[in-house]
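Look at the structure below and keep the sequence at hand.

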Amino acid sequence: MAPVVAAGVSSAFDKVGYWSPNTASVDWCENNYVVSYYIAEFWNTTSNIACFIAAVLGWYHFPGNELRFKLMFTTFAFVGLGSVLFHGTLRHKMQLLDELPMLYSATMIMFILVEAKHGPQGRWFPLLLTAWIATTTYIFSTTGGQLQFYTFQSTYTILQFAMIYFLRIFHVQQRALRGPNPDISTLIRRAFGTGLFAVTIWLIDLRLCEFVNGVGARSVLKWNPQLHAWWHVFSACALYHATMLVVYYHYDVQAGVRPYVDWWMGYVPVIRLFHCQPRTKGKLEH
């Protein structure tokens, strides 16, 4: 697609850098090559440290040793790395390294949630998801412009709403069986609040750039607030809290363990496991 930010809006967007010309299907609202000749979007690049922090926290505090969660947190790191390469270069191939890990991560989360809800599905389920990943990888790698951009956005959005759907089901079931859980409610509020704020500023950056870029004639701001960079920070925060819910509900349905939320350093939520006697069928007590 044509860049979201038209080249004529400001000379700042016309600057030539090491990776010029831009070939990505979208050029975000940060003025290109302003801070460094070698980094197309400096703040959009460096803000991905938030994604690496989420990945490290997940790895460091994960209570078990299951491969599915190792892969899930690993994909977070690849999302951050791909985003660094994309925003640093604004090249189409690097854009794929940003978007495809996002789909892989969301697909892994869906695998975990479906099996937490319905139990192990057999080998056909991971094979089906593998075929899905191969198909989406092919589509996004061989298309461009508006088709590529909007196909990716719609696919990823559907996966995110599916995650919210499953987490909502688990939350309602837990409240019905065990009553309110203040820690889980806090996780939900944080995930929803930071996620909603992240999506809002992402849309502003995407659709209203000429009014907030700080340099164009129509900008109502005198400086660029770097909204897409803040999207990286708040979306990483939302994703981290959401995955803590995914981990919690995964173990909540298993016999012999009882997950609970611990607050590392008094603020960062992590999931711990209390090992107990197997649950008696039809009873909630351990």
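Tyrosine 33 counts as buried because its relative accessibility is 6%; buried means under 20% relative accessible area, exposed over 50%, and partly exposed in between, with a 1.4 Å probe and protein chains only. Tyrosine 33 belongs to the segment before α1. Its phi is positive, about 55°, although the residue is not a glycine. Most residues other than glycine have a negative phi, and most peptide bonds are trans.

This is a predicted model, in which local features need pLDDT of at least 70 and side-chain atom pairs count only at pLDDT 80 or more, while totals for chains, interfaces and linings use all residues. Residues are numbered from 1 along each chain as its sequence is written, and side-chain values use heavy atoms, with hydrogens and water left out.

Tyrosine 18 also lies in the segment before α1 (42-46). Helices here are DSSP runs of H or I with at least four residues, strands are runs of E with at least two, and both are numbered from the N terminus. Leaving aside neighbours within four places in sequence, tyrosine 18 is in contact (heavy atoms within 4.5 Å) with Tyr33, Tyr37 and Tyr38. Tyrosine 18 has 47% relative accessibility and therefore counts as partly exposed. In the segment before α1 there is also proline 21, which is joined to serine 20 by a cis peptide bond with omega of about 0°.

A positive phi of about 55° is found at methionine 265, again not a glycine. Methionine 265 sits in the loop between β1 (257-264) and β2 (268-275), and its relative accessible area of 69% makes it exposed.

Now to the helices. Two packed helices are described by the angle between their axes and the distance between the axes. Axes are lines fitted to C-alpha atoms, for helices over the stretch in contact, and angles run from 0 to 180 degrees between N-to-C directions. Helix α2 (residues 49-61) and helix α9 (residues 227-252) have axes that come within 8 Å and cross at roughly 20°. The two are therefore roughly parallel, the word for angles under 35 degrees. On the α2 side the contact is made by Ala50, Cys51, Ala54, Leu57 and Gly58, and on the α9 side by His232, Val233, Ala236 and Tyr240. Of the 26 residues of α9, 20 are buried, so this helix is mostly covered.

Helix α4 (residues 92-118) packs against helix α6 (residues 145-178) at an angle of about 25°, with the axes 10 Å apart. That makes α4 roughly parallel to α6.

Methods:
Parallel < 35°, antiparallel > 145°, perpendicular 65-115°, else oblique.
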